[in-house]
Amino acid sequence: MKVSQRLYQTALPIWESYYQHPFVQGMAHGTLPREKFQFYMIQDHKYLMQYAKVFALGVIRADRESDMRLFSTLINGTLNTENAVHKQYLKKLGVDQAGIDAAPMCLNNESYTNYMISVAFKEGLPELATVVLACAWSYKLIGDYMETIPGSRDESNFYKHWIETYISPAYREDTEVMIDFVDRLTEGYTEEQLQNLDRIITNCSVYEYQFWDMAWTMGKMDR
């Protein structure tokens, strides 16, 4: 079994629980209140800025030029492709950069991103690559799920463009690249090292669920 398959089996029960979350259901059916989505997009923008730093640490930690270029490409994709979707939606919702900057980062968001950066600093390149998989892979699966919902990609669904971002060939390709990268880096890993990867992807997957909760309640637990 490839390491990625093991990680997939470890995290899948948590990832599949996202599908029935009211926030995810609301986007798929076009019923999500826009104020909740606005809150989510501001927090996710802040998340992506930290997510890009994990990839930047990958550039520093990598020995191969090809790996450095991979992380550089992922930084660009995060800042200029995925984040562009956030900026477009926030513009539609009347939120400018000043509004984004003025919003405080929620406790869950800060804890999650601090955890990712901590792993990236303290552990090896395979662990750094694993720490981003829960977000990348689960968003692909959420996109796949939403695509099966009748009407999810109708023009009348305000969240159509968000869904199409995560089912796009480019996003799917980037996710597969990271999956293959983890498999290459973890060749010869011991059972103890693999258990640590299980722990990392489980922790990040739980943080992801909490992120959906945070978005649904609009940070209620922070107050």
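Lys 140, Asp 144, Glu 147, Arg 153, Glu 155, Lys 160, Glu 164 and Arg 172 are joined by salt bridges into a network. A salt bridge here is a side-chain nitrogen of Lys or Arg within 4 Å of a carboxyl oxygen of Asp or Glu. By this rule there are twelve salt bridges.

Before going further, a word on the model: it is predicted, so local features need pLDDT of at least 70 and side-chain atom pairs count only at pLDDT 80 or more, while totals for chains, interfaces and linings use all residues. Residues are numbered from 1 along each chain as its sequence is written, and side-chain values use heavy atoms, with hydrogens and water left out.

Side chains of opposite charge can pair when their charged atoms come close.

| Arg 6 | Glu 191 | 2.9 Å |

Arg 6 and Glu 191 form a salt bridge. This pair links distant parts of the chain, with Arg 6 in helix α1 (residues 3-18) and Glu 191 in helix α11 (residues 191-217), 185 residues apart. Helices are DSSP runs (H or I, at least four residues), numbered from the N terminus.

Helix α11 also holds Arg 199, whose partner Glu 123 lies in the loop between α6 (107-122) and α7 (125-131), 76 residues away. How exposed are these residues? Glu 191 is partly exposed, at 42% relative accessible area. Arg 199 is partly exposed at 38%, and Glu 123 is partly exposed at 21%. The scale calls a residue buried under 20% relative accessible area, exposed over 50%, and partly exposed in between (1.4 Å probe, protein chains only).

**Helices α3 and α6**

Helix α3 (residues 34-61) packs against α6 at an angle of about 5°, and their axes are 10 Å apart. Axes are lines fitted to C-alpha atoms, for helices over the stretch in contact, and angles run from 0 to 180 degrees between N-to-C directions. The two helices are therefore roughly parallel, a label for angles under 35 degrees.

Which residues make the contact (heavy atoms within 4.5 Å)? Among them are Tyr 47, Tyr 51, Val 54 and Leu 57 of α3, and Tyr 112, Met 116, Ile 117 and Phe 121 of α6.

Notes
Angles under 35 degrees count as roughly parallel, over 145 as roughly antiparallel, 65 to 115 as roughly perpendicular and the rest as oblique. Contact means heavy atoms within 4.5 Å.
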